[in-house]
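Please consult the sequence and the structure alongside the text.

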Amino acid sequence: MIIDLRSDTVTKPDKEMLDVMLKAVVGDDVFREDITTINLEKRVAQMFGKDKALFFPSGTMANQAAIKLHTNPGDQIICDKQAHVYNYESGGLSFNSGVSCKLINGYRGMFTANQVKEAINPDAYYYSKTTLVEIENTANKAGGSCWDFNEIVKIKQVCNDTNLGLHLDGARLWNALVVKNETAHQYGEVFDTISLCFSKGLGCPVGSILVGDSKIMEEAIRIRKIFGGNMRQVGYLAAAASYALDNNISRLEEDHKKAKEIGAVLLNLPIVKTVNPIETNIVVFELNNDVDDTYFIKKLKAAGILIIAMGDRKLRMVTHLDYTNTMHEELVTILKKTSF
Ligand SMILES: *Cc1c(COP(=O)(O)O)cnc(C)c1O
């Protein structure tokens, strides 16, 4: 048995999801004739109380399109130093949009309205123009941390006062909604644009979506085309996403519970130095200084457990739909009995 905890993206569609995909009514989405995709877009827009949504092949492309929609070349965006858009999108924001980042030294991937205020460039011609604030919820690199919604509202106020756009990288927003008992609608009220992934906790093989109001979304489909993200009979994927919205959101609680249990076991291992606070499905931890990370990862691999290194000596385990109760029991047993 292989226990793959490298990411929540390693899931494969189950029979029910595949059945729904097989039965999807599809058309050429470039002609906007794929009814399943159009219905998914309408549904997600409605969930968030926004005018429009557009299906994307990846979360990266949805984020990159959002940044493009909000900025002009030479602009600067504000985000946390651990942000996915800054660290893990191959420098796309400078390549695609010609923008730079003012990085905030946040706490667990999150920052305050005051920090945003301080990060805005003065209105002088020799500074780049600050045009966008980007928030990530849950914050991946920090270990799936969830924002305090009140702070987001305060940041929105700053954005309104200073005429900045506000984008949410909500690749794992579903996890935050479940944990915090929040609604998609309240996020829709605050953010101009939100990207969401179906291919992580929700268990779809492919797919992300960008939501926003008509004005900003008007050009989204053109930008997606420029990025090469137009698709044809994409309804097969949209059907999976729709199925996931119906069936795979509330069960995220199970992933969170398992992640917390893993964290508790890790904390008891003598070789583990720290475990980041666990709020959702991501466990980020660090080994004692005298322990070699690669040795630890190899040893786990030999026992059939796959995990990844995150840099800065941090290691990561992510629970997901295909991480079963049996695997969970097995993992706990192996962690407890192995001498590292
Ligand atoms: C995974 C992820 C994305 C998008 O990744 P893709 O692999 O392109 O779908 C964006 N932001 C965060 C925080 C992520 O974890």
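## Ligand shell

Helix H3 (residues 59-70) supplies the largest share of the shell around the ligand, 3 residues. Helices (H or I, at least four residues) and strands (E, at least two) are DSSP runs, numbered from the N terminus. This is a predicted model, in which local features need pLDDT of at least 70 and side-chain atom pairs count only at pLDDT 80 or more, while totals for chains, interfaces and linings use all residues. Residues are numbered from 1 along each chain as its sequence is written, and side-chain values use heavy atoms, with hydrogens and water left out.

Around the ligand (a heavy atom within 4 Å) lie Ser58, Gly59, Thr60, Asn63, His84, Glu89, Glu136, Asn140, Asp169, Ala171, Arg172 and Lys200. By class, this shell has 1 nonpolar, 6 polar and 5 charged residues. Here Ala, Val, Leu, Ile, Met, Phe, Trp, Tyr, Cys and Pro count as nonpolar, Asp, Glu, Lys and Arg as charged, and the others, Gly among them, as polar.

## Polar contacts and burial

Polar contacts are pairs of N or O atoms within 3.5 Å. A ligand nitrogen is 2.6 Å from an N or O atom in the side chain of Asp169. Ligand oxygen atoms are 2.8 Å from such an atom in the side chain of Lys200 and 3.0 Å from one in the side chain of Asn140. The protein buries 83% of the 380 Å² that the ligand exposes when taken alone (Shrake-Rupley method, 1.4 Å probe).

## Helices H2 and H12

The axes of H2 (residues 35-47) and H12 (residues 235-247) come within 8 Å and cross at roughly 35°; these axes are lines fitted to C-alpha atoms over the stretch in contact, with angles from 0 to 180 degrees between N-to-C directions. The residues of this contact divide into 7 nonpolar, 4 polar and 2 charged.

## Backbone geometry

The peptide bond from Asn137 to Thr138 is cis, with omega near 0°. Thr138 belongs to the loop between strand E5 (130-136) and helix H7 (149-162).

Asn163, a residue other than glycine, has a positive phi near 60°. Asn163 is placed in the loop between H7 and strand E6 (165-170).

Technical notes: Polar contact = N/O pair within 3.5 Å; in protein donor to acceptor, adjacent residues only side chain to side chain.
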